[in-house]
Amino acid sequence: MNRQLSENAESFAWLVSNFVEEVPGVEHAIVVSSDGLLLTASDAFPMEHAEQLAAIATGLHSLAHNAARIFSRGNCEQLIVRMQRGHLFVMAISDGSSLAVLTSPEAEMRIVAYQMTLLVESAAHVLTPQLRSELREVVGN
């Protein structure tokens, strides 16, 4: 990455990485735009996997969002996929952006969901169109 991040972009990326470090059982986290582009990923997450997770999270969120709309259930707020060796959580942030989190099997789902809610609430106002554009540019390089 040749480009210097703005203070807001650095803070946003730090929030995502810090979330992984601070919440027990959380292994990786990403933020993805509504069109499936990776905006940021936690520090130790390989870029190839982060981009794959971005596509998966966007597809799942889109399916759940449309199912909620078709069956008049309101907005899709969170998805939880239980796998044999962990969980995938996807939570809407704003304007179709999502936070996706991979956990270990030992993670306390309630704690992860609560901490994700706190992160989304604190980060939603920061994730402006300008910040999304800057993060896309940096991740794309």
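Reader: Where is the place of Met 47?
Author: Met 47 sits in helix H2. Helices here are DSSP runs of H or I with at least four residues, strands are runs of E with at least two, and both are numbered from the N terminus.

Reader: Before we go on, what kind of model is this?
Author: It is a predicted model: local features need pLDDT of at least 70, side-chain atom pairs count only at pLDDT 80 or more, and totals for chains, interfaces and linings use all residues. Residues are numbered from 1 along each chain as its sequence is written, and side-chain values use heavy atoms, with hydrogens and water left out.

Reader: Back to Met 47. Does it count as buried, exposed or partly exposed, and why?
Author: Met 47 counts as partly exposed because its relative accessibility is 36%. Buried means under 20% relative accessible area, exposed means over 50%, and partly exposed is in between, using a 1.4 Å probe and protein chains only.

Reader: What is Met 47 in contact with?
Author: Leaving aside neighbours within four places in sequence, Met 47 is in contact with Leu 38 and Val 139. Contact means heavy atoms within 4.5 Å. Met 47 and Val 139 are 92 residues apart in sequence, and their C-alpha atoms are 8.9 Å apart.

Reader: Zoom out. How many helices and strands does the protein have?
Author: Four helices and five strands. From the N terminus, the order is α-β-β-α-β-β-β-α-α.

Reader: How does the radius of gyration compare with that of a compact globule?
Author: They agree, because a compact globule of 141 residues would have a radius of gyration near 14 Å and the protein has 14 Å. The radius is taken over C-alpha atoms, and the globule rule is 2.2 Å times the number of residues to the power 0.38. Along the principal axes, the C-alpha atoms fill a box of roughly 45 × 35 × 25 Å.

Reader: What share of the residues count as buried?
Author: 43% of the 141 residues.

Reader: And which share of the contacts joins residues at least 24 apart?
Author: 52%, taken among contacts between residues at least 6 apart in sequence.

Reader: Now the loops. Where does Ser 97 lie?
Author: Ser 97 is in the loop between strand E4 (86–92) and strand E5 (98–103). Its relative accessibility is 1%, so Ser 97 counts as buried.

Reader: What is Ser 97 in contact with?
Author: Beyond its neighbours within four places in sequence, the list includes Val 32, Ser 33, Ser 34, Leu 127 and Arg 132.

Reader: You mentioned Ser 34. Where is Ser 34 found?
Author: Ser 34 is in the loop between strand E1 (26–32) and strand E2 (38–41). With a relative accessible area of 43%, Ser 34 is partly exposed. Not counting residues up to four places away in sequence, Ser 34 touches Thr 58, Asp 95, Gly 96 and Ser 97.

Reader: Next, Ser 72. Is Ser 72 buried or exposed?
Author: Ser 72 is exposed, with a relative accessible area of 62%. Ser 72 belongs to the loop between helix H2 (47–70) and strand E3 (78–83). Its phi is near 55°, a positive value in a residue other than glycine.

Reader: On to helix H4. Which residues does helix H4 span?
Author: Residues 129–140, and Glu 137 is found there. Glu 134 lies in helix H4 too.

Reader: Is Glu 134 buried or exposed?
Author: Glu 134 is buried, with a relative accessible area of 11%. Glu 137 counts as partly exposed, at 42% relative accessibility.

Reader: How far is Glu 137 from Ser 33?
Author: They are 104 residues apart in sequence and 12 Å apart in space, C-alpha to C-alpha.

Reader: Last thing. Which residues does the UniProt domain annotation cover?
Author: The unreviewed UniProt entry gives "domain: Roadblock/LAMTOR2" for residues 13–103. Over residues 13–103 the chain is 37% helix and 33% strand.

Notes
UniProt positions renumbered as here; feature names shortened; annotations may be inferred.
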